[in-house]
Amino acid sequence: MADPELLAHWLHATARGDRAAFQALYRAAAPHLFALLLRMLRRRDLAEEALQDCFVRIWQKADTYAPARGAPLTWLMSIARYRALDLIRRQRPEVSLDDDDGVDLDTLRAEAGEASADPLHASLAGESLAALNECLETLQDQQRRSVLLAYYEGYTHEELARRLDKPLGTVKSWVRRGLQRLRECLESP
């Protein structure tokens, strides 16, 4: 995994227009971002497109990175995540759902386990994934399902309400409370 101090240095240099720093940043971060994008998008062509978009955005917005708000890789990953979600939403009508009658959490966990077997993904996830899985187990079923669909599959609140056949306000509440409980769990010592 790339050294956070080096990533921060390259980000700051990129913000000043340093192309060599941008190339170094790309070499260090692109494999991590691509693994995330591939995991979320499940299509290599879309992941490659998203990765290119991410680095255009990073080039344009490197000056907005604030070390006090998080680690450089976290900032870079959030750019990738939002780009993937945009593409998922754009592709939604073309995406076939394997299981329309409910969310198969075992399948999602198995897929997460497969991703963890990938050394690149494992290096990203590490202990954080284990902690997240433990905290997910503390959520109520509806909260866990809603959070996973929203943040793992990229569903909007409206799409979640339709998928789960529940009122929009109920789904929003499950997601909000689920995220709140996850935050509290992850921040607890």
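Let's start with helix 8, residues 157-164, and helix 9, residues 168-187: they pack at an angle of about 110 degrees, with their axes 9 Å apart. This is a predicted model, where local features need pLDDT of at least 70, side-chain atom pairs count only at pLDDT 80 or more, and totals for chains, interfaces and linings use all residues. Residues are numbered from 1 along each chain as its sequence is written, and side-chain values use heavy atoms, with hydrogens and water left out.

Some terms, quickly. Helices are DSSP runs of H or I, at least four residues, numbered from the N terminus. Axes are lines fitted to C-alpha atoms, for helices over the stretch in contact, and angles run from 0 to 180 degrees between N-to-C directions.

So how do helix 8 and helix 9 lie to each other? They are roughly perpendicular. Angles of 65 to 115 degrees get that name; under 35 is roughly parallel, over 145 roughly antiparallel, and the rest oblique. The crossing of helix 8 and helix 9 is right-handed, meaning that the near helix is turned clockwise from the far one by less than a right angle.

Who meets whom? From helix 8 come His157, Glu158, Leu160, Ala161 and Leu164; from helix 9, Leu168, Val171, Lys172, Trp174 and Val175. Contact here means heavy atoms within 4.5 Å. By class, this contact of helix 8 with helix 9 has 7 nonpolar, 1 polar and 2 charged residues. Nonpolar covers Ala, Val, Leu, Ile, Met, Phe, Trp, Tyr, Cys and Pro; charged covers Asp, Glu, Lys and Arg; the others, Gly among them, are polar.

Which residues of helix 8 are buried? Glu159, Leu160, Ala161 and Leu164. Buried means under 20% relative accessible area, exposed over 50%, partly exposed in between, with a 1.4 Å probe and protein chains only. Their cover includes helix 7 (141-151) and helix 9. After helix 8 comes Asp165, with a positive phi near 55 degrees.

Stay with helix 7. Gln143 is found there. Gln143 is buried, with a relative accessible area of 5%. Neighbours within four places in sequence aside, Gln143 is in contact with Trp174, Arg177, Gly178 and Arg181.

Now the second pair. Helix 3 (residues 44-61) and helix 4 (residues 72-91) pack at about 130 degrees, axes 9 Å apart. That makes helix 3 oblique to helix 4. Helix 3 passes helix 4 in a right-handed crossing. Their contact includes Leu46, Ala50 and Ile58 of helix 3, and Leu76, Ile79 and Leu87 of helix 4. The contact residues divide into 9 nonpolar, 1 polar and 6 charged.

On to the cores. A nonpolar core is a set of buried Ala, Val, Leu, Ile, Met, Phe, Trp, Tyr and Cys residues joined through side-chain atoms within 4.5 Å. The largest one has 38 residues, and those with the most contacts inside it are Leu11, Leu33, Leu37, Leu41, Phe55, Ile58 and Leu76. Helix 1 (4-15), helix 2 (19-41), helix 3 and helix 4 each give it two or more residues. Which helix gives the largest share? Helix 2, with 13 residues.

Leu76 touches Leu11, Leu25, Ala29, Leu33 and Ile58, not counting residues up to four places away in sequence. Apart from this core lies another, of 9 residues, among them Tyr155, Ala161, Trp174 and Val175.

Last stop: Leu41, in helix 2. Leu41 is buried, at 10% relative accessible area.
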